[in-house]
Amino acid sequence: MFILREMISFLPPLLEGAWITIMVSVVAYVLALAVGLMFGLARLSQFWPVRWAAAAYVQFFRGTPLLLQLFFIYYVLPYGGIVLTPFASGVMGLTINYSAYMAEVFRSGIQAIPRGQWVAARSLGMSRRLLMRRIILPQAIRIVIPALGNFFVSIFKDSALVSVITMRDLMFSGELLASATFKHFEIFTMVAVIYFVISYPMAKLMEYVEARLDTSRSRFGGKPA
Amino acid sequence: MEVEISAPSGPPILKFEGVSKSYGPLKVLRDVTLEIRTGEVVCIIGPSGAGKSTLLACVNHLESIDAGTIYFEGQPVYRYLRNGRVVSDPERRIEQIRAEIGMVFQSFNLFPHLTALGNIIEAPIHVRREPPKAARERGLALLGKVGLSDKTDAYPHQLSGGQQQRVAIARALAMQPKLMLFDEATSALDPELVGEVLRVMRELAGEGMTMVVVTHEMDFARDVADRVVFMADGMVVEEGLPEILFSKPGNPRTRQFLQTVLNRNGRSEAQN
């Protein structure tokens, strides 16, 4: 009984942390989508310097640990006069890292669209920009939605890393409580349960979206009825 | 050889002058010179690998050429010599020319995320910037013209191959093109669906549309074409009036090709 009451007393600070975790994840995810799309398109640019720069971005940020990127943003950038709050640093680190992966997903989605679609659109006088926006992307995005959905679950869990740059997320709140009370077992169990309770429904939601898309995917490129 | 052209002979709308093109060591077009006049229906026939489709793709610069000049409405286009210097048309100008030229593909290439009507009005609204209402009205009329008034809201996957190709023709016509290109428009269709597409093409020809048709349908070429061009090995081997080219081909290669193809066609027609 005493244990239970004690655990309930741990709950408010942990839930506060969970809220921060959700905020960081959502903001970083939305930004990573936008930045990723931008770099994915840049990877396919007709101008080689743009292509090259985008490839460099993708390779560099996929090739270095997220943890190290967070350290750089929080501890090294201040030497260059750029001081960011833990929240901003965390969002920036996650955005940079995930946008590099997402850029590749967008690129492969775009490249999966048959050449005939480009040819038909161009033969109608569409500019590259227009055909990308009206013809290619609407089809490509359907293809990449499942992959992008999984990134959300993944970014939610990886956001625990931002605790190392003193952000009071769920992980950090857990560590604080644990070191203050020495109830490591109870507290980290609660932390794990909270992470899981949030991420499991999201994973389920993704499965559902994916299943829905699969049936409607027959709308695309399927055999004529 | 020169054959006198009796049929429609408006001003030339399209002209190839000494056009050559290679893919690496492979020469796909060799010094092709060909003129298409407004209102003319020209069928290009020949064995596969002859360069027919490539020639068509060069018309709207889906493929670039290595040598020679293409003229559209009397103007050199895409990449040409002016005052001894090579000039490249800006992208914008190329897009404008493409908008004037309709193209129909072997594999239809309808946009799968848009309905039949959506496919048709996409370019008029976004390229030509027509008011959506006017574009819709013309789109519906075009669907009626190709006999698909009841398929307005159908997605491509809900249509048969023949229906998809008719939508594709309507899509090209929606841009009110000055010239229509058909790249083996019936080759991917089941035999029983070929007729409905050819019927639409025949109608179009009857209305005076200028058409360049790459085809293996010899009956269509004989009946509809004002002129037939025989290509082989990237060259125009022979061109002339269909009744002359089909009955008395001047070149042995033409004769050999026609013999092979007409025999096969004769057999398949007997089966139908």
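Mentor: Happy to. In other words, chain A has eight helices and zero strands. Keep in mind that this is a predicted model. Along the principal axes, the C-alpha atoms of chain A occupy a box of roughly 75 × 50 × 20 Å.

Now to the pocket itself. The largest pocket holds about 750 Å³ of space, and 26 residues line it. Nearest its centre lie Ser127(A), Arg128(A), Arg129(A), Leu130(A) and Leu131(A). Both chains take part in the lining: helix 1 (2–42) and helix 6 (128–158) of chain A, along with helix 2 (91–100) of chain B, each supply at least two residues. The biggest share comes from helix 6 of chain A, which gives seven residues. By class, the lining of the largest pocket splits into 13 nonpolar, six polar and seven charged residues.

Helix 5 (residues 115–123) of chain A packs against helix 6 of chain A at an angle of about 160 degrees, with the axes 10 Å apart. An angle over 145 degrees counts as roughly antiparallel, so helix 5 of chain A is roughly antiparallel to helix 6 of chain A. The crossing of these two helices is right-handed. On the helix 5 side of chain A, the contact uses Gln117(A), Trp118(A), Ala121(A) and Arg122(A), while helix 6 of chain A brings Leu131(A), Met132(A), Ile135(A), Ile136(A) and Gln139(A). Of the residues in this contact, six are nonpolar, two polar and one charged. Notice Leu131(A): besides touching helix 5 of chain A, Leu131(A) is among the residues nearest the centre of the largest pocket.

Helix 5 of chain B makes the contact through residues including Gln165(B), Arg166(B), Ile169(B) and Leu173(B), and helix 6 of chain B through residues including Leu193(B), Val197(B), Val200(B) and Leu204(B). In this chain B contact, seven residues are nonpolar, four polar and two charged.

Terms used. Residues are numbered from 1 along each chain as its sequence is written. Chains are lettered from A and ligands numbered from 1 in the order in which they are written. This is a predicted model: local features need pLDDT of at least 70, side-chain atom pairs count only at pLDDT 80 or more; totals for chains, interfaces and linings use all residues. Side-chain values use heavy atoms; hydrogens and water are left out. Contact means heavy atoms within 4.5 Å. Helices (H or I, at least four residues) and strands (E, at least two) are DSSP runs, numbered from the N terminus. Ala, Val, Leu, Ile, Met, Phe, Trp, Tyr, Cys and Pro count as nonpolar, Asp, Glu, Lys and Arg as charged, and the others, Gly among them, as polar. On a 1 Å grid over the protein atoms alone, a cavity is a set of points where a 1.4 Å probe fits but cannot get out, and a pocket is an open set with protein on both sides within 12 Å along at least five of seven lines; lining residues have an atom within 4 Å of a point. Grid points are joined across faces, edges and corners, and a volume is the space filled by probe spheres set on the points. Axes are lines fitted to C-alpha atoms, for helices over the stretch in contact, and angles run from 0 to 180 degrees between N-to-C directions. Angles under 35 degrees count as roughly parallel, over 145 as roughly antiparallel, 65 to 115 as roughly perpendicular and the rest as oblique. A crossing is left-handed if the near helix is turned anticlockwise from the far one by less than a right angle, and right-handed if clockwise.
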